[in-house]
Amino acid sequence: MRSGDAVRGAAAGLLGGLLAAGAMSLMHTVLADGDHEAGQSKPDDATVKVAAAATNLVGYRLGEAEKAPAGSVVHYAFGAVIGAVYGAAAEIVPVVSRAFGLPFGAAVWLGAHVVTVPAFGLAESLVRQPVAKEAEEFGLHLVYGTITELVRRLLRSPETAGRVRPT
């Protein structure tokens with residue numbers, strides 16, 4: 001491995017993670033249509049809670065209209081950063097990219113959604129959620145892993161890597 005490979009892998013993973021987070025958001029929106037009654041507000045999700053906590057640190061309180069966009073920023077930033085870590089790791093230890101990103105997506109679901117988010121009190125524990133909702137989340141994280149890996153492979157394949165030159 002050349003020293004720049006991990007950096008290029010991180011860049012490819014970052015873009016893959018960003019696009020995968022977008023796909024997850026789109027699928028969440030499609031799947032959520034009809035989940036809540038009209039006129040009923042849904043509770044803030046973990047990304048909104050993180051955004052609110054971050055803005056509170058600098059003395060700013062999010063208004064209702066700002067919560068969804070701020071939550072999206074957190075979601076996309078997390079997806080991009082975790083994708084970058086994955087992309088770098090795939091260059092250093094290629095075995096992590098096996099099974100087309102499915103183990104990566106499952107690991108993000110387990111590490112973030114199942115363990116970390118409930119541990120910080122940002123969401124209920126997995127055991128307190130409906131099975132169908134958790135199955136949906138698991139599936140969406142598998143999609144995240146697969147899209148991240150697809151983009152990483154497209155950008156880092158020998159055929160593509162030879163054509164794309166950093167400036």
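The dialogue below takes up a nonpolar core and then one histidine.

Author: This is a predicted model, in which local features need pLDDT of at least 70 and side-chain atom pairs count only at pLDDT 80 or more, while totals for chains, interfaces and linings use all residues. Residues are numbered from 1 along each chain as its sequence is written, and side-chain values use heavy atoms, with hydrogens and water left out.

Reader: Which residues make up the largest nonpolar core?

Author: In soluble globular proteins, nonpolar side chains tend to be buried together. A nonpolar core is a set of buried Ala, Val, Leu, Ile, Met, Phe, Trp, Tyr and Cys residues joined through side-chain atoms within 4.5 Å, where buried means under 20% relative accessible area with a 1.4 Å probe and protein chains only. Here the largest one has eight residues, namely Ala-20, Met-24, Tyr-86, Phe-104, Val-108, Ala-112, Leu-140 and Tyr-144.

Reader: What surrounds His-113?

Author: Contact means heavy atoms within 4.5 Å. His-113 lies in helix α4 and, leaving aside neighbours within four places in sequence, is in contact with Val-108, Pro-118, Glu-134, Glu-137 and His-141. The side chains of His-113 and Glu-134 are also joined by a polar contact of 2.8 Å, that is, a pair of N or O atoms within 3.5 Å, of which one must be able to donate a hydrogen and the other to accept it.

Notes. Buried means under 20% relative accessible area, exposed over 50%, partly exposed in between (1.4 Å probe, protein chains only). Helices (H or I, at least four residues) and strands (E, at least two) are DSSP runs, numbered from the N terminus.
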